[in-house]
Amino acid sequence: MDFLNALVALSNFVIIPAIAYGSQLALGALGVTLIYGILRFSNFAHGDTMDFGAMIGVLVTWFLQSMGVSFGPLPTALLALPFAILGTMALVLITDRVVYRFYREQKAKPVILVIVSMGVMFIMNGLVRFIIGPNDQKFADGERFIISVREFKALTGLKEGLAIKTTQGITVVVAIIAVALLFWFLNRTRTGKSMRAYSDNEDLALLSGINPERVVMYTWLIVAALATTAGVLYGLDKSFKPFVYFQLLLPIFASAIVGGLGSPLGAIAGGFVIAFSEVTITYAWKKVLKYMLPESLEPSSLMQLLSTDYKFAVSFVILIVVLLFKPTGLFKGKSV
Amino acid sequence: MSETVKNTALFGLVFGLIVLTGFMQSWNVAVLILNMGLISAIMALGVNLQWGFAGLFNVGVMGFVALGGLAVVLTSAAPVEGAWSAGGWRIVIALLAGAGTIVATVVVRQRMAAGRARNIATIAILVVGFFLYRGIFDPGVAAVEAINPALQGNLGGLNLPVLLAWPMGGLLAAGVAWLIGKTALGLRSDYLAIATLGIAEIIIAVMKNEDWLARGVKNVVGLDRPVPYEIDLQNSSAFINRAEGLGMDVATASSLFVKLNYSILFAVVLAIIFVMAQLALKSPWGRMMRAIRDNEVAAEAMGKDVTNRHLQIFVIGSAVCGIAGAMMTTLDGQLTPGTYNPLRYTFLIWVMVIVGGSGNNLGAVLGGFLIWFLWVQVEPMGLWLMEVITSGMAEDSGLKKHLIDSAAHMRLLTMGVILLLVLRFSPRGLIPEK
């Protein structure tokens with residue numbers, strides 16, 4: 001019984017939140033990794049692209065709510081997601097046309113593109129604050145829980161409860177669908193294959209008649225879709241706050257690099273590695289250990305390795321360790 | 001138009017804008033812009049050393065600026081009575097134990113042959129070291145933070161003159177930069193950027209959460225000042241006479257006098273750092289740095305130690321940012337770790353360097369003043385713009401209210417547009433590198 005209680009407590013506080021957070025990071029990291037693979041620079045504006053997408057999601061959700069549209073037990077934001085994706089696609093295509101294309105034609109050094117993306121970051125951040133303001137916005141509705149603590153306790157008779165929030169469930173399901181679609185696209189369609197070819201060897205791809213501008217355009221479209229999905233899911237799960245997305249930049253980059261920049265599979269693995277490390281290291285283990293250890297060994301302190309405020313430090317330390325010992329990441333990304 | 005004329009005109013323009021602010025808004029605002037402009041110029045010089053001279057992509061400026069601020073508290077604040085005996089030494093011992101663990105790990109990894117034994121030894125040392133560190137550290141922290149928590153609860157400082165805190169800020173930033181450089185330099189440019197971005201966040205997290213250090217988010221207020229207090233001036237008859245002689249209100253005059261004192265101090269520091277940076281740029285060392293920046297492989301072939309030179313300039317540039325951070329905290333008179341944010345303290349400095357002209361010290365200084373002026377003035381300008389745009393709308397229109405409320409967020413947008421325009425049409429900046 002104690003073992004089951006420990007397991008439930010562990011799932012409730014560590015495993016389920018980490019899976020949801022990991023899915024969000026993975027979606028974000030996929031965007032970073034695709035841009036790196038095709039356009040060959042680290043996009044500092046990615047956090048704010050997520051931000052922008054989530055903002056449109058929030059606005060459309062409010063509009064739908066005011067029209068009385070709802071999605072039953074599911075949050076209305078899911079209905080708003082396609083509109084948000086379209087809006088973000090328009091924004092990134094305009095950005096590419098107005099800003100990035102010039103440097104591509106110049107064959108500018110990647111570091112110049114990184115600085116350019118800093119400028120784009122300022123503009124997107126400013127746009128979001130301009131349109132929706134810097135405050136917290138709530139837009140989640142529908143059922144709050146798939147299973148709540150009380151229901152779970154009544155169902156199983158255990159002392160520990162297990163809650164699964166609807167948003168957590170949706171995050172995982174949507175992330176799986178998005179990733180499946182992405183891999184289908186990359187591996188099965190002609191455009192996807194040309195994208196991979198372009199990422200592997202630009203010159204060879206050009207030689208075999210692949211149109212680079214087309215590849216770049218599709219990349220931006222996919223990145224916009226992924227970033228918006230990640231942004232809306234994160235906003236649903238936590239809450240929408242413009243500045244938070246900028247702070248997500250670090251764990252997202254860490255995920256992409258840990259997995260190996262340029263490798264989509266690596267980005268997903270990296271997302272979960274970072275999420276699980278962050279949550280396990282900042283979780284107070286007392287509750288779980290209380291069940292697992294005999295009474296005489298029961299811990300007196302909280303058994304928390306690091307306070308939750310240091311979660312950035314966790315992703316950072318993993319990042320540094322990977323960079324020092326395995327610079328191409330877990331899944332052999334690019335190291336140019 | 002010769003170069004000197006152009007540069008003079010550019011600086012004249014920026015100072016003209018500041019003087020105009022004095023006439024149109026108030027002299028207090030103008031001098032405030034000047035003071036922060038001087039500090040921004042120093043930060044921009046620091047970043048220019050790293051990016052313009054050596055091509056190092058450091059986006060952790062915020063962390064070094066914050067460390068400078070921390071140094072002010074640690075140097076100039078009065079020590080908290082009983083804190084050192086209660087737990088201060090314990091904390092120091094714990095930190096030494098933590099450092100010892102890391103040194104031991106590095107030594108083991110260097111001495112032992114690669115293999116399973118080495119990995120096990122590494123992990124064992126790290127785990128034992130961590131628990132040892134926490135075991136010594138936690139009681140010490142609890143004891144220190146229990147002392148008068150409403151007002152103190154930290155170790156306090158060394159009670160030295162506050163001007164000494166500025167070089168101390170540089171030293172602290174340099175020390176941390178050395179540690180970071182040892183691990184992170186040698187990564188390629190975007191990895192270094194992400195690593196420094198992370199380090200800056202961690203430095204801020206430490207400053208926010210380690211209350212024993214500088215009270216964390218509870219802030220340290222009432223730091224010493226190197227200049228007289230307004231209230232003392234207002235009570236001094238000599239000052240009142242002089243102010244009235246100039247036909248000024250005593251309160252305004254005292255506040256202006258204090259700010260101008262700061263301006264003089266800051267200008268002296270800026271002049272010293274500028275001259276040193278200029279000398280460095282023109283020296284063989286500066287030429288070597290630019291050679292490394294332009295072609296690392298060739299420089300290495302000529303026998304230059306690229307990694308060490310990078311470490312050197314990374315430390316120097318960060319120290320300059322640390323000095324500027326200490327000056328800023330002194331100007332504010334308080335340390336508020338909650339207010340550091342990367343857009344304002346890292347990326348804005350980058351905009352200054354790029355707009356001014358990377359690789360040119362004069363350009364960095366100009367960028368510092370110009371961008372700071374815009375950063376402050378875009379808000380009132382945006383408000384004015386919004387009022388003009390919305391003047392035709394109905395008084396109770398929701399859109400009108402929203403637009404006017406949002407004017408405050410114009411500055412990020414403007415900075416982004418300026419950065420992109422400069423990068424596109426004048427990528428070498430206003431005063432290009434020679």
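**View 1. Overall build of chain A.** Chain A has 13 helices and two strands (DSSP runs numbered from the N terminus; helices are H or I of at least four residues, strands are E of at least two). This is a predicted model: local features need pLDDT of at least 70, side-chain atom pairs count only at pLDDT 80 or more, and totals for chains, interfaces and linings use all residues. Residues are numbered from 1 along each chain as its sequence is written, and chains are lettered from A in the order in which they are written. The C-alpha atoms of chain A fill a box of roughly 70 × 55 × 35 Å along the principal axes. Buried residues make up 47% of its 336 residues (buried: 20 or more other C-beta atoms within 10 Å of the residue's own, C-beta atoms being placed from the backbone).

**View 2. Helices α6(A) and α7(A).** The axes of α6 (residues 166-188) and α7 (residues 190-200) of chain A come within 5 Å and cross at roughly 80° (axes are lines fitted to C-alpha atoms over the stretch in contact; angles run from 0 to 180 degrees between N-to-C directions). The two helices are therefore roughly perpendicular (65 to 115 degrees). Phe185(A), Leu186(A), Asn187(A) and Arg188(A) in α6(A) meet Gly192(A), Met195(A) and Arg196(A) in α7(A) (contact: C-beta atoms, placed from the backbone, within 7 Å).

**View 3. Chain B against chain A.** Chain B and chain A each give 31 residues to the contact. On the chain B side, α7 (189-209), α15 (342-356) and α18 (410-425) each supply at least two residues. The largest share, 13 residues, comes from α7(B).

Conventions. Buried ≥ 20, exposed ≤ 12 C-beta atoms within 10 Å, placed from the backbone. Contact = placed C-beta atoms within 7 Å. Parallel < 35°, antiparallel > 145°, perpendicular 65-115°, else oblique.
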